[in-house]
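Me: Hi! Could you help me look through this one? I'd like to ask about a few side chains and a helix.

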Amino acid sequence: MRSKKAFYNFLAAIAELIVATVTSFVVPHYIILTYGSGVNGLISSITQFLSYIALIESGIGAIGRASLYKPLAEKDTAALSGNARALENFYRRVSYIFLLYVAVLSVLFPLLVNQDFDWLYTAALIVILAFSTFIQYYFGITHQTVIQADQRKYIVSLLQALTLFLNMILTIVMIRLGASVHTVKIGSAAAYAIRPMVLYCYVKRHYRLDKKAKPRNEILKQRWDGLAQHIAFFIHKNTDIAVLTVLANVKEVSVYSVYMLAVSGCSKVVNIFSSSLEPAFGNMIAKGEKETLKKRVRLCSTLTIQIAVILFSTAAIAVSPFIKLYTRGVTDVNYLRPAFGVVMLIAEGFYCVRLPYQSAVYAAGHFKQTRNGAILEAVLNIVLSVILVFYYGLIGVAIGTLVSMLFRTVQYIWYYQVKLLQDKEGLKSEILRAGITALEIGLIILFAKLIPAVSFSSYLSWGLFSCLICLGCFAIVGGVSLLFYRKECLELRQFIKRLITSGR
């Protein structure tokens, strides 16, 4: 049953990724061409500042999932209802605090950008963009957590894909009709409100939770330990834009957000595997299947590293031609910053490598044990980004992110092998794997030097070029994998065969 659900999760995640990738390129492109880089940067900044309310969540998402694995595995409806009630009450309180935060942000944030936009323009945009976040906290997150913990993330993924597609269509239609950016974002807010409402109805119908159950608030006792993990993740996703907004300007934020289209696209592909399997890891831990966990994490981490090398190497080669094409006709800021793009791709690559280990640690509920590493990661990211942005601008922010990602990746691998599995010998295989990965990257660099500098007049020609680059990187990584990872290749073949068979 785990394999069948993992198969569904995988397919749905791919569908969501395809839709998310298309919309993440199309929507900002229309906004930049219609309203300018300043407005695109403003929207990115507001979105990031609104997400700061997630700090109050204190990492309850991961803690909540960990608390639900056992009741779901044992079909304990009473415990499941009590845990869900505790989560629901907590998120409802967060939603009320969020309303207060939006009111304060609407007054103060416009003062940061008053040289580019008037106060009312920015304040109204903040209120509009905040609506979908409020609905998510009030109706959606608890039910999403229950569904994900039950290894049914495919439901969440398909709903998200539908929401993103609807938002893209509404945005394009409204822009072509000459609507203001505020009107366009009202349409987006309406589209995003659909998802949490559907999740609410699904959980109410399929899990028959007791709404009168006594909340089991003891599951929140690791809240402050989870907060450290949550802050680290939050800073990874938000520090750069915040630093650029305060210490640079919104046009630099627009440059950053355009490059992050490529970076986040690669990250989402890699994340499919670890996010699809985290609930399965939790189920294995709840049932005491340590050896199965060990094999699955090893296979998942090997696959994650290989895919990350292929995708991020392809992006590093193809990103500059894409930026030239994507921002053709835009003259209000220089978007071509190849060094920045490469550093950000390396940083995100390290982040992706740690995901299987992070998923296993989260599934085990080891939040307190790993909080110090999370705190140090956050400090490194903030301090280095703030200092280096004065000297190197965008690249300085990227270097701060890279250093913190490298540290945390190493820390997660060490904790998983030494503390969770109590297998110090596993570190030797990790060092060997790092050497193999370095060999692959070195060969790809030699391959890249053979490629001439090119420009493209259409996305089709650029897409064909990128596919050829990807095939070249795949051939290099595939050849090295067959040489050094024969056992893992056989396991992967058998695993995929079981997934397809169970999916049928």
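Me: Is Phe117 buried or exposed?
Reply: Phe117 is buried, since its relative accessible area is 12%. Buried means under 20% relative accessible area, exposed means over 50%, and partly exposed is in between (1.4 Å probe, protein chains only). This is a predicted model, where local features need pLDDT of at least 70, side-chain atom pairs count only at pLDDT 80 or more, and totals for chains, interfaces and linings use all residues. Residues are numbered from 1 along each chain as its sequence is written, and side-chain values use heavy atoms, with hydrogens and water left out.

Me: And what about Tyr121?
Reply: Tyr121 is partly exposed, at a relative accessible area of 24%.

Me: How many aromatic pairs are there?
Reply: The structure has 16 aromatic pairs. Rings of Phe, Tyr and Trp (its six-membered ring) pair if their centres lie within 6.5 Å; planes under 30 degrees apart count as stacked, over 60 as edge-to-face and the rest as tilted. Phe117 and Tyr121 are a stacked pair, because their ring centres are 5.4 Å apart and their planes are at 10°.

Me: How are Phe322 and Trp462 arranged?
Reply: That aromatic pair is tilted, with 5.2 Å centre to centre and 45° between the planes. Phe322 is in helix 12 (residues 290-326) and Trp462 is in helix 17 (residues 459-484), so the pair ties together parts 140 residues apart in sequence. Helices here are DSSP runs (H or I, at least four residues), numbered from the N terminus. Phe322 is buried at 4% relative accessibility, and Trp462 is buried too, at 19%.

Me: New topic! Where does Ser106 lie?
Reply: Ser106 lies in helix 5 (residues 77-108). Ser106 is buried, at a relative accessible area of 9%, and its side chain reaches the backbone oxygen of Val102 at 2.7 Å.

Me: What is Ser106 in contact with, beyond its neighbours within four places in sequence?
Reply: With those neighbours left aside, Ser106 is in contact (heavy atoms within 4.5 Å) with Trp119, Ala123, Ile126 and Val127.

Me: Last one: where does helix 14 bend?
Reply: Helix 14 bends by about 25° at Val386. The bend at a residue is the angle between axes fitted to the seven residues ending there and the seven starting there. Among the buried residues of helix 14 are Glu377, Asn381 and Ser385. Just after helix 14 comes Gly393, with a positive phi of about 65°.

Definitions and conventions
Helix = DSSP H or I, 4+ residues; strand = E, 2+ residues; numbered from the N terminus. Polar contact = N/O pair within 3.5 Å; in protein donor to acceptor, adjacent residues only side chain to side chain.
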